[in-house]
Amino acid sequence: MNFCSHCGSAVRFAIPDMDNRSRYLCDHCGTIHYQNPRLITGTLPVAPDGRILLCKRAIEPRLGYWTLPAGFMENGETTVEGALRETIEEACVTGQNPSLLSIISLPEFDQVHLFYRVDMPDFEYATTPESSAVELFEIEQIPWQEIAFRTVTATLEHYQTHLKRAAIPVLNSTVYRR
Ligand SMILES: [Zn+2]
């Protein structure tokens with residue numbers, strides 16, 4: 001950040017009084033521009049026969065790789081609402097019975113990724129501008145080498161490990177830069 005989004009003056013990067021981290025400070029209007037992690041919320045959709053829905057990314061980053069439907073949470077929505085919205089936008093699927101499956105911090109990327117397991121009401125799904133292909137996969141046939149993001153891999157592995165349990169625990173983990 002070079003200029004204050006409030007008044008347009010130049011900002012400086014320094015530790016404010018009573019704080020312990022550097023922030024972008026505007027000396028002209030006094031605004032402290034706090035920057036905080038962004039939340040990515042998505043789903044692991046399960047078809048009536050137990051197969052898992054994956055989307056092939058039609059957009060960068062990781063174009064052509066498979067992923068779970070997910071995206072940046074919008075202001076004014078809940079994490080569940082965001083996850084279900086992304087699932088409609090990327091796969092034309094209206095997920096049901098959302099249950100939290102994973103919450104993964106990426107402290108070096110300033111993000112938190114959060115996935116819900118959802119039931120698909122039927123076998124209806126479709127490609128979208130964001131997904132060049134949408135397909136159902138048996139858990140044994142997941143293309144592990146072609147998964148777009150490590151948080152998606154971790155969430156799928158967690159689901160596979162606990163699939164046979166009555167209740168799947170929540171994965172709470174951290175992904176760092178390699
Ligand atoms: Zn300002």
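Is W66 buried or exposed? With a relative accessibility of 5%, W66 falls in the buried class. The close-ups below all come from a predicted model.

**View 1. The two aromatic pairs of the structure.** There are 2 aromatic pairs to look at here. A ring pair like this is described by how far apart the centres are and by the angle of the planes.

**View 2. F13 and Y24, a tilted pair.** The ring centres of F13 and Y24 sit 4.6 Å apart, and the planes make an angle of 45°. F13 belongs to strand β1 (residues 12–14) and Y24 to strand β2 (residues 23–25), so this contact ties together parts that are 11 residues apart in sequence. Y24 is buried, its relative accessible area being 19%, and the cut-off for that label is under 20%.

**View 3. W66 and F137, an edge-to-face pair.** Here the centres of W66 and F137 are 5.0 Å apart, with 80° between the planes. W66 lies in strand β6 (residues 66–67) while F137 lies in strand β10 (residues 131–137), so the pair links parts that are 71 residues apart in sequence. Both ends are tucked away: W66 is buried at 5% relative accessibility, and F137 is buried with a relative accessible area of 9%.

**View 4. R38 over the face of F72.** Now for an arginine and a ring. R38 lies 4.1 Å from the ring centre of F72, over the face of that ring.

**View 5. R62 over the face of Y65.** In this close-up, R62 is placed over the ring face of Y65, at 4.0 Å from the ring centre.

Notes
Residues are numbered from 1 along each chain as its sequence is written. This is a predicted model: local features need pLDDT of at least 70, side-chain atom pairs count only at pLDDT 80 or more; totals for chains, interfaces and linings use all residues. Side-chain values use heavy atoms; hydrogens and water are left out. Rings of Phe, Tyr and Trp (its six-membered ring) pair if their centres lie within 6.5 Å; planes under 30 degrees apart count as stacked, over 60 as edge-to-face and the rest as tilted. Helices (H or I, at least four residues) and strands (E, at least two) are DSSP runs, numbered from the N terminus. Buried means under 20% relative accessible area, exposed over 50%, partly exposed in between (1.4 Å probe, protein chains only). A charge sits over a ring if NZ of Lys or CZ of Arg is within 6 Å of the ring centre and within 35 degrees of the ring normal.
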